[in-house]
Amino acid sequence: MSRELYDKIKEYNDTVKARFCMPSHNGQASLDDLYSSAQFDWTEAQGLDNLLQSEDVIARCEKKLAINYGYQDALMLTSGSTCGMQIAMALAKSRQGVALAIGDMHKSFYSSSRIFDVKICCCKDLTEAVKVSSQEKISGVFVTSPNYFGKVFSLKEFKEFAVSVGALLVVDEAHSAHFPYSSLLPDNASRYADIALVSMHKTLPVYGGGAILLTNGKELYQECRLLRADIHSTSPNYLVMASMDFADDYMQSHGEEEYAKVKSKIDKFKRELIAGEVVDTDDFTRLVVKIEGVDCNKVSDKLATQGIFAEMAYGDLLVFIVTPFNCGKLALLADALNNIQLEKLEEDIDVDLDMQNVALRGEVTLVEVEEALGKVCAVEVGVYPPGVPIVKKGDVINQKAVDFIKKYSSRLFGLASGRIAVIK
């Protein structure tokens, strides 16, 4: 076994007599079941290495992660891939060019561009990207692969394009954390990405916020390391880091057998499911169920009342993240889906809102959704998950957009107390 960080914290805990430091639960597991892992919850613990200047056990753990994921270097993050996106955007800023996105991006791409004042261009495909590159200096090419629905994109052409324009290829592969641990799963982006963002907590037994920024290139690694020291919290969560170390070690030892078990259980689920069909995905663990013409948001709500929780409902699609630790419950899920009363889908979540996009000029103000009609949106608004904006900054809000925002208000990002930011 190779879980040095996890073991080091365990040994460290054995020496503790009293904790007069953050966090102030002081490692007291007896307080409540909530604190059963509290002894692992340190920040800036003396003798446990410093995440923001890792030179000892954390540095070795990061190197192990880099090797296992096929990259030259890795930086652990305890505040999610959003922190990694901010680092990547800061790099784009330092290279004095446009951050160009090809395809859908998570909302952190847009928010990071505002934080660091980076001009962005969003293209549907590589053909559009090439046209943009003839007019703009591109400092970073940003791509999401896999997406929320388990689709993995071929990155070879994206890499060739990035090289041709002298830009970094940044791959948001947040949902690929499990890929390196089984030959049944797709390859990750390590052959092509200069920078990759991986949310280990999404698909592995890792506490929330556990992510890694992976790099190819020593100079690039040092730049990212300096930026992490600026951007990341000075109170990194050792509980999260210990779980990352443990999960990596466990999957290195058991990943092949565990994901073979997952595949077998999913294959059985497909045979048992009557109410809908399983959509083919590149990542078989991303279980996407399509129930034609049915409002799956309501199906998801009904599942929740039975104690069964989906990752996401999106129009007539349900998305479930299947792991070695929940695949034994798939028979329960199939039975629940087969017996739920289905309701017709009135409006597709993928509706084309058909909005004009204009340059932003004027002061930003918050208004009620009904008052936003005809005004220019000052932020991105969309459904989370998946976190991809439907209404973008600069869009003139039409009636379709107002109806969309009102319908999905409980799942939206981009609103503040139910109000939307617009230009006066």
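Trainee: How many of the five residues of strand β9 are buried?

Mentor: In this predicted model, strand β9, which runs over residues 286–290, is mostly covered, since four of its five residues are buried. As a general idea, the side chains of a regular strand alternate between the two faces of the sheet.

Trainee: Which strands are joined to β9 by bridges?

Mentor: Strand β8, residues 277–278, is joined to β9 by two bridges, and the two run antiparallel; here V278 stands opposite V289 of β9. With β11 there are five bridges, and this pairing is antiparallel as well. Within it, L287 has F320 of β11 as its bridge partner.

Trainee: In which order do the strands of the open sheet of three strands stand?

Mentor: The order is β15-β14-β16, and the pairing is antiparallel. The edge strands of this sheet are β15 and β16, each of which pairs on one side only. Between β14 and β15 there are three bridges; V381 has V391 of β15 as its partner, while V383 has V388 of β15.

Trainee: How many residues lie between β14 and β15 in their hairpin?

Mentor: Four residues lie between the two strands, and G387 in this turn has a positive phi of about 90 degrees. The loop between β14 and β15 also holds P386, and the peptide bond that leads from P385 to P386 is cis, with omega near 15 degrees.

Trainee: Where else is a peptide bond cis, with omega near 0 degrees?

Mentor: The bond from S145 to P146 is cis, with omega near 0 degrees, and P146 belongs to the loop between β4 (138–144) and α6.

Trainee: Which residues other than glycine have a positive phi?

Mentor: Among them are D49, with phi near 75 degrees, and Q96, with phi near 55 degrees. D49 sits in the loop between α1 and α2, and its relative accessible area of 14% makes it buried. Q96 sits in the loop between α3 (81–94) and β2 (98–102), where it counts as exposed at 67% relative accessibility.

Trainee: Which residues of α1 are buried, and why are they said to be on the same side?

Mentor: The buried residues are L5, Y6, I9, Y12 and N13. They cover an arc of only 125 degrees around the axis, so they lie on the same side of α1. These buried residues pack against α2 (57–69), β1 (73–77) and α9 (238–272), whereas the face turned away from the buried side carries the exposed residues E11, D14 and T15.

Trainee: What are the buried residues of α12, and what covers them?

Mentor: In α12, residues 399–407, the buried residues are A401, V402, F404 and I405. Seen down the axis they fall within an arc of 165 degrees, so they line one face of the helix. Their cover includes β14 (381–383), β15 (388–391), β16 (412–413), β17 (415–416) and β18 (419–423). At the start of α12, moreover, a side-chain oxygen of N398 comes to within 3.3 Å of the backbone nitrogen of K400.

Trainee: Which residues does K159 touch, leaving out those up to four places away in sequence?

Mentor: K159, which is found in helix α6 (residues 156–164), touches L169, Y192 and D194 when those neighbours are not counted. A polar atom of the K159 side chain lies 3.4 Å from the backbone oxygen of Y192.

Trainee: How many aromatic pairs does a search of the whole structure find?

Mentor: The search finds nine aromatic pairs. In general, such a pair is described by the distance of the centres and the angle of the planes. Y250 and F325, for example, form a tilted pair, at 6.1 Å centre to centre and with 45 degrees between the planes. Y250 lies in helix α9 and F325 in the loop between β11 (317–321) and α11 (330–339), so the pair ties together parts that are 75 residues apart in sequence. Y250 counts as partly exposed at 24% relative accessibility, and F325 counts as partly exposed at 49%.

Trainee: Which residues form one aromatic cluster?

Mentor: Y6, F40 and F246 form one aromatic cluster, and Y6 is also one of the buried residues of α1.

Conventions
Residues numbered from 1 in each chain as written. Predicted model: local features only at pLDDT ≥ 70, side-chain atom pairs only at ≥ 80, totals over all residues. Heavy atoms only, no water. Buried < 20%, exposed > 50% of the residue type's maximum accessible area, 1.4 Å probe, protein only. Arc of directions from axis to C-beta. Contact = heavy atoms within 4.5 Å. Polar contact = N/O pair within 3.5 Å; in protein donor to acceptor, adjacent residues only side chain to side chain. Pairing = 2+ DSSP bridges. Phe/Tyr/Trp six-rings, centres within 6.5 Å; stacked < 30°, edge-to-face > 60°.
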